[in-house]
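This report describes a two-chain protein model for a reader working from its coordinates.

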Amino acid sequence: MSSEVHDSLDKLPLDSWHRGRGARMVPFAGYEMPVQYEGIMAEHLWTRENAGLFDVSHMGQLLVHGEEVDAALESLMPGDFRAAADMKPKYSLLLDDDGGIIDDLMATRRGDDFYVVVNGATKHGDIAVMQSRLPGSVVVDYMKEQALLALQGPRAAEVLETIVPGVGELGFMQGASFRWEGQPLWISRSGYTGEDGFEISVPAIAAAALADAICAHELARPIGLGARDSLRLEAGLPLYGHDLNLDTTPVMAGLTFAINKRRRAEGGFPGAMRILAELQNGPPQKRVGFDVDGRQPVREGALVLDGEGNEVGKITSGGFSPSLQRPIAMGYVASHLAELGTPLTLEQRGKLFDARVAPMPFVPHRYHRKGAA
Amino acid sequence: MPVYFTREHEWIRVDGETATVGISDHAQEQLGDIVFAEVPEAGRRVAKGQEAAVVESVKAASDVYAPVSGEVIEGNNALGDDPSLINSDPEGQGWFFKLKLDNPGELDGLMDEAAYRDWVKTL
């Protein structure tokens, strides 16, 4: 139960801010990061009811620019970047030649450039892949001096509006530039919890002051990585390195919304042959949710068995849902067993658990879609 | 009644030939919100240093080891309905199981309460 901290770990811009607020720091993605402050359960429920502030500065913020950058990005990813509207973040996937997922990311056209946010543990590999595969006229800048905060929850807009007036005008998956205390901010209405909320790119030197300003509001509290994981699991959102990796394709992972009609018709992205075939004929396995009987969490690595005890899949994320007060999980199963309600058995450390394929999200999304009030 | 502690953060409170076992306040704090506990049933034999129970927090699963060998005489069934007792009262109502000691001599290698509390401060 001891948490080892290695000297080689990097520190985030908000490192001392977290420690000052009582965070327990753990190694994650090469950094020391806050896993919790007052406790995962309380932080999780706070975010579902109020507003939680997450430091996600470990994530890679990139600026990709140069001649015909949109067409160039389409050679690496299946997104429709040529038709991408300005200031609208798009979810996409960096793919290898077999259609396996190198990373999942958000890419936003900002004028002539694309602002891309990738996962922390994969960012250096992503940059290398982009630099080696993009034409020489396209440049990838790693925005090392930027911190990234996320404010998530049903009261997030109310809180942030008091600090950055105008953010409430943004619709879900829309971004804009703002200024705060003379510092430039890039804010998008997006996140990883299933709740309404914002992601805020801020110069690292101003990050602690902004975090202080947000947490001075009585409805906002700092939230650690532990609750970030349980929130995204309830929201049915996959986590790279667990639910997505080089062995999973976008079709297996149920992320086909990220491949639009034109790209399906034209192909031209890595692994297109396999991915288009899977779109046509169905993938061998599918990512699904599981309701698990009893109270004991079934976690990543557990096996999925059919009625005869054959291994038919694997759990890739699982835990106890603080909102539902019962265990939930996500994983992959053979496609013929992926139908909702299919009874399956999970095996963890020699113990068997009854489970059923369940719809995701487990907890409904509450995004701020304009016109939906 | 004397209470002893292990380096794996179990406590054992001895009353003659029987003893009650649980995890320390430090252990529950490290684990965080506990959502599940599985305790051994009466009649099961446990060996010193071997897994005797399971405790799971939101974040992770951990084994609870038997501080000494013996036969379980009672598991704390209250933990099945309310595992958060381990967080709220780890060294009281959040006990895991009671056992009959095979060999009280096995207690000799354990820390007494003062030694344990001092040691925990150094972690």
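A:Gln325 is exposed, with 10 other C-beta atoms within 10 Å. Here a residue counts as buried if 20 or more other C-beta atoms lie within 10 Å of its own, as exposed if 12 or fewer do, and as partly exposed in between, with C-beta atoms placed from the backbone. The structure is a predicted model, in which local features need pLDDT of at least 70 and side-chain atom pairs count only at pLDDT 80 or more, whereas totals for chains, interfaces and linings use all residues. Residues are numbered from 1 along each chain as its sequence is written, and chains are lettered from A and ligands numbered from 1 in the order in which they are written.

**Backbone geometry**

Most residues other than glycine have a negative phi, and most peptide bonds are trans. A:Gln325, which is not a glycine, has a positive phi of about 55°; it is placed in the loop between β17 (311–321) and β18 (326–334) of chain A. Helices (H or I, at least four residues) and strands (E, at least two) are DSSP runs, numbered from the N terminus. B:His9 also has a positive phi, near 75°, and lies in the loop between β1 (3–5) and β2 of chain B. In contrast to the exposed A:Gln325, B:His9 is buried, with 24 other C-beta atoms within 10 Å.

| Residue | Phi | Other C-beta atoms within 10 Å |
|---|---|---|
| A:Gln325 | about 55° | 10 |
| B:His9 | near 75° | 24 |

The peptide bond from A:Met360 to A:Pro361 is cis, with omega near 0°. A:Pro361 belongs to the segment after β20 (351–358) of chain A.

Chain A is assigned domain 1 (10–56 + 145–234) and domain 2 (284–373), with bounds from an automatic or database domain assignment. Taken over C-alpha atoms, the centres of these two domains are separated by 28 Å. In contact across them are 15 residues of domain 1 and 16 residues of domain 2, where contact requires C-beta atoms, placed from the backbone, to lie within 7 Å. On the domain 1 side, α2 (40–49) and α7 (225–234) of chain A are the elements that give two or more residues. The most come from α2(A), with four residues.

The largest nonpolar core has 125 residues, of which A:Leu73, A:Val116, A:Leu149, A:Leu151 and A:Leu346 touch the most other members. Such a core is a set of buried Ala, Val, Leu, Ile, Met, Phe, Trp, Tyr and Cys residues joined through C-beta atoms within 7 Å. Domain 1 and domain 2 of chain A each contribute at least three residues to this core. Not counting residues up to four places away in sequence, A:Leu149 touches residues including A:Leu53, A:Phe54, A:Ile200 and A:Val202.

In chain B, seven strands form an open antiparallel sheet in the order β5-β8-β9-β3-β2-β1-β10, two strands being paired if DSSP finds at least two bridges between them. The edge strands, each pairing on one side only, are β5 (45–46) and β10 (111–112). Within the sheet, β2 (residues 10–15) and β3 (residues 18–23) of chain B pair over six bridges, and B:Trp11 has B:Gly22 in β3(B) as its bridge partner.

The contact between the chains takes 14 residues from chain A and 11 residues from chain B. On the chain B side, α1 (25–31) and β4 (34–38) each supply at least two residues.

Technical notes:
Two residues are in contact if their C-beta atoms, placed from the backbone, lie within 7 Å.
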